[in-house]
Amino acid sequence: MNAAIVRARAQAALTDLRPQPDDIASDAIAGLSRTPKTLPSKYFYDAEGSRLFEAITRQPEYYLTRVELALMEAQMPSIAQAIGDGVHVVEFGSGSGRKTELLLEGLAAPVAYTPIEISRTALMDSVTRLGQNFPDVQMLPVCADFTRPVPLPRAERRAHRTLVFFPGSTLGNFSDEEAVRLLRSMRGTMGDAGCALIGIDLDKDPAIIEAAYNDAAGVTAAFTVNLLTRLNREIDSDFDTDGFRHRALYARDRMRIETSLVSEQAQSVRIGDHAFDFAAGEAMHVEISQKYTDASFSALAAKAGLRVTHGWNDDGDSFGVRLLQPA
Ligand code: AVJ
């Protein structure tokens, strides 16, 4: 099939629920009004942010993507057997697509694929390429913030069950409370017969974890600061992008990486007609990356009405993939 047709088709099927600039500005103002100040990590992923994240996944310190890919590759027959045939795959977010390729290749006769992704560029790139490689799988992309309820496009061929796919330990970017809300929403999307395949980064030696979020080449630091560049472009803000420094620390007690932008000096930032004062050394919280144990993950799932039915880890128990079902 020729690429132009695939592209035209994919675009015709696109459900566009992208957030508008007003949402971004009001989210930023709300976050900076809190103590400590915060900015929502979902806005990391503009075109440049998505490109920088891809670059992070190639850094030697950032083990997550490599380990998860190898794990899925090694365990795909077992994963596919646990899931069954004829599913509608609904991915929350859409990455480079390599994990999705492995999944669509490994599953028995998947019916449709719906990525739900906030970055339109990432979304369209992913379905264009997957549409070419999987002509028998209907591509039904949705451009939306997946933390809000999204109506699922119906596939032409009837699916046996809905499989929610949420790899990459992206769940870890959400607080426990938000994660439970998101898992509940997945529970709604999958319905009674559905299931969810979720990738989770596992608790381990803090030095290994911290290195992954402080790569020597400084790609993660650039990724973090790009949030400010994006805000300055898309909303009426004047962050000094040289006035803030990336900091990522593993909080052992909370089992999570906490990433901040630390103000290099006392300064004031304006958003619209709001002004926010930063003290020298003040940390603005921009991201968390939660790590899990079997116990902590099962407890989280249980709060959302889900139960873990299957699990696969890499040999070093560094990263895990879990299959969940309504409890
Ligand atoms: C895309 C959420 C899996 O938290 O590890 C990587 C994002 N941030 N380095 C993560 C991220 C900084 C990443 N996830």
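## α5 beside α6

Start with α5 and helix α6 (residues 120-133), whose axes come within 11 Å and cross at roughly 30°. That makes α5 roughly parallel to α6, since angles under 35 degrees count as roughly parallel, over 145 as roughly antiparallel, 65 to 115 as roughly perpendicular and the rest as oblique. T100, E101 and L104 of α5 make the contact with R129, L130 and N133 of α6, where contact means heavy atoms within 4.5 Å. α5 passes α6 in a right-handed crossing; a crossing is left-handed if the near helix is turned anticlockwise from the far one by less than a right angle, and right-handed if clockwise.

A quick word on ground rules. This is a predicted model, where local features need pLDDT of at least 70 and side-chain atom pairs count only at pLDDT 80 or more, while totals for chains, interfaces and linings use all residues. Residues are numbered from 1 along each chain as its sequence is written, and side-chain values use heavy atoms, with hydrogens and water left out. Helices (H or I, at least four residues) and strands (E, at least two) are DSSP runs, numbered from the N terminus. Axes are lines fitted to C-alpha atoms, for helices over the stretch in contact, and angles run from 0 to 180 degrees between N-to-C directions.

## L123, inside α6

Now zoom in on L123, which lies in helix α6. Is L123 buried or exposed? With 0% relative accessibility, L123 counts as buried (buried means under 20% relative accessible area, exposed over 50%, partly exposed in between, with a 1.4 Å probe and protein chains only).

Leaving aside neighbours within four places in sequence, L123 is in contact with L14, S94, P115, E117, P141, V142 and C143. L123 and A144 are 21 residues apart along the chain, and their C-alpha atoms are separated by 9.9 Å.

On its other pairing, α5 (residues 98-106) meets helix α4 (residues 63-83): the axes come within 9 Å and cross at roughly 10°. That makes α4 roughly parallel to α5. Residues of α4 including T65, L69 and M76 meet residues of α5, among them R98, L102 and G106.

What about helix α3 (residues 47-57) and helix α9 (residues 219-234)? Their axes come within 9 Å and cross at roughly 160°, so α3 and α9 are roughly antiparallel to each other. The crossing of α3 and α9 is left-handed. On the α3 side, the residues involved include L52, F53 and I56, and on the α9 side they include V219, A222 and F223.

## α7 and its two sides

Helix α7 (residues 176-190) has 15 residues and reaches 21 Å from its first C-alpha to its last, close to the 21 Å expected at 1.5 Å a residue (the expected span is 1.5 Å times one less than the number of residues). Which residues of α7 are buried? They are A179, V180, L182, L183, M186 and M190. Seen down the axis of α7, these fall within an arc of 165°, so they line one face of the helix; the arc is that of the directions from the helix axis to the C-beta atoms.

The face turned away from the buried side of α7 carries the exposed residues E177, R181 and G188. Among the elements covering the buried residues of α7 are β2 (87-92), β6 (161-166) and α10 (294-303). Just after α7, G191 takes a positive phi of about 70°.
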